[in-house]
Amino acid sequence: MSGIVTLTTDFGLQDAYVGAMKGVILGIAPGATLVDLSHQVAPQDVAAGAFVLYSAYRCFPAGTVHVAVVDPGVGSARRGILVETPSYRFLGPDNGLFSSIYASEQVERIVEIQNRDLALPEVSATFHGRDIFAPAAAHLCRGAPIDAFGPPVSDPVRLDLWTVAVEARGVRGHIVHVDRFGNGITNLSRSQIEAAAGERLFRVETEKRVFDRVCRTYADVPEGEALVLYGSQDTLEISVNGGSAAGALGIGRGNGVRVVWV
């Protein structure tokens with residue numbers, strides 16, 4: 001194990017929720033290194049949390065434990081799970097938060113977190129991040145085997161985040177995330193587009209604009225002008241040089257985007 005634990009939540013930074021989770025982890029595994037991915041996921045927005053986690057988890061060394069808590073069903077019958085891949089372990093609610101991991105990683109096993117000996121003595125019905133997932137992460141850092149946490153899970157909840165439709169005249173997807181700069185990040189990857197297009201030229205159609213080329217950088221167009229390019233996730237993005245595509249074009253998550261052969 002690397003001893004690194006990342007945290008992704010919708011808790012924000014106004015309250016002490018994040019600090020409480022960190023305190024629990026360090027109380028059990030004092031040598032752990034804690035890294036904040038984001039605590040500004042929109043409240044209860046599981047799909048947004050899934051994208052944030054997907055955007056950064058592979059930047060960490062093998063053995064990292066990723067804790068993600070966007071949990072509108074906390075305290076209900078929804079399961080808490082531990083997901084193991086060849087390089088990482090993921091802890092959080094079974095509500096689709098790890099859908100992008102299932103789509104992009106080889107999952108070796110998933111178990112339900114049931115062992116109360118690996119949780120805090122008192123478990124709140126409203127704060128499983130502190131009472132279940134934080135201590136579970138700390139025990140993993142201390143070498144607890146995955147089998148100790150609970151029984152296997154064969155039917156995790158999955159969200160359809162990345163499916164694209166290949167059509168006779170192109171490929172259709174949608175915006176999966178709008179970042180703080182107002183860029184509309186789509187689920188249309190460069191590899192998908194190039195594989196489907198072959199040698200054909202194409203244009204990109206959004207609900208607001210049509211683009212006849214894919215730029216390499218924001219500076220390929222004048223300041224204030226809209227463009228599309230492949231962003232840091234190597235997926236198609238709708239952007240504005242020096243501005244916000246969300247503000248200028250009114251785009252948002254879920255808006256359709258089509259790549260059309262010309």
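Leaving aside neighbours within four places in sequence, Leu 91 is in contact with Val 65, His 66, Val 67, Ala 68, Ile 81, Leu 82, Phe 98, Ile 113, Phe 133, Ala 136, Ala 137 and Leu 140; contact means heavy atoms within 4.5 Å. This is a predicted model, in which local features need pLDDT of at least 70 and side-chain atom pairs count only at pLDDT 80 or more, while totals for chains, interfaces and linings use all residues. Residues are numbered from 1 along each chain as its sequence is written, and side-chain values use heavy atoms, with hydrogens and water left out.

**Nonpolar cores**

- Leu 91 is among the residues that touch the most other members of the largest nonpolar core, together with Val 5, Met 21, Val 67, Leu 82 and Phe 149; this core has 31 residues.
- Strand 1 (4–9), helix 1 (17–28), strand 3 (65–69) and helix 4 (128–141) are the elements that give two or more residues to this core.
- Helix 4 gives the most to this core, with eight residues.
- Another core, of 28 residues, lies apart from it and includes Ile 101, Tyr 102, Ile 110 and Trp 162.
- A nonpolar core here is a set of buried Ala, Val, Leu, Ile, Met, Phe, Trp, Tyr and Cys residues joined through side-chain atoms within 4.5 Å.
- Buried means under 20% relative accessible area, exposed over 50%, and partly exposed in between, with a 1.4 Å probe and protein chains only.
- In soluble globular proteins, nonpolar side chains tend to be buried together.

**Whole chain**

- The protein chain has six helices and 14 strands; these are DSSP runs numbered from the N terminus, with helices (H or I) of at least four residues and strands (E) of at least two.
- A compact globule of 262 residues would have a radius of gyration near 18 Å, and the 20 Å of the protein chain agrees with this; the radius is taken over C-alpha atoms, and the globule rule is 2.2 Å times the number of residues to the power 0.38.
- Along the principal axes, the C-alpha atoms fill a box of roughly 60 × 35 × 30 Å.
- Of the 262 residues, 53% count as buried.
- Among contacts with a separation of 6 or more, 65% are accounted for by residues 24 or more positions apart.
- The protein chain exposes about 12000 Å², and carbon and sulfur atoms supply 49% of it; the areas come from the Shrake-Rupley method with a 1.4 Å probe.

- Gly 80 is in strand 4 (residues 80–84) and is buried, with a relative accessible area of 9%.
- Gly 80 and Gly 92 are twelve residues apart in sequence and 5.7 Å apart in space, C-alpha to C-alpha.
- Beyond its neighbours within four places in sequence, Gly 80 is in contact with Gly 92, Pro 93, Val 111, Glu 112, Ile 113 and Phe 133.
- Val 153 lies in the loop between helix 4 and strand 7 (165–167) and counts as buried at 10% relative accessibility.
- With neighbours within four places in sequence left aside, Val 153 is in contact with Arg 79, Ile 81, Ile 110, Val 111 and Glu 112.
- Val 153 and Leu 140 are 13 residues apart in sequence, and their C-alpha atoms are 18 Å apart.
- Helix 2 (residues 46–56) is largely enclosed by the rest of the structure, because ten of its eleven residues are buried.
- The buried residues of helix 2 include Val 46, Phe 51, Leu 53 and Tyr 54.

**Loop residues**

- Arg 58 lies in the loop between helix 2 and strand 3 and is partly exposed, with a relative accessible area of 42%.
- Apart from neighbours within four places in sequence, Arg 58 is in contact with Tyr 88 and Glu 105.
- Arg 58 and Tyr 88 are 30 residues apart in sequence and 8.8 Å apart in space, C-alpha to C-alpha.
- Arg 200 is found in the loop between helix 5 (190–197) and strand 10 (202–206) and counts as partly exposed at 41% relative accessibility.
- The C-alpha atoms of Arg 200 and Phe 51, 149 residues apart along the chain, are separated by 30 Å.

**Positive phi angles**

- Most residues other than glycine have a negative phi.
- Gln 44, in the loop between strand 2 (33–38) and helix 2, has a positive phi near 65°.
- Asp 234 has a positive phi of about 60° and lies in the loop between strand 12 (226–230) and strand 13 (235–240).
- Asp 234 counts as partly exposed, at 33% relative accessibility.
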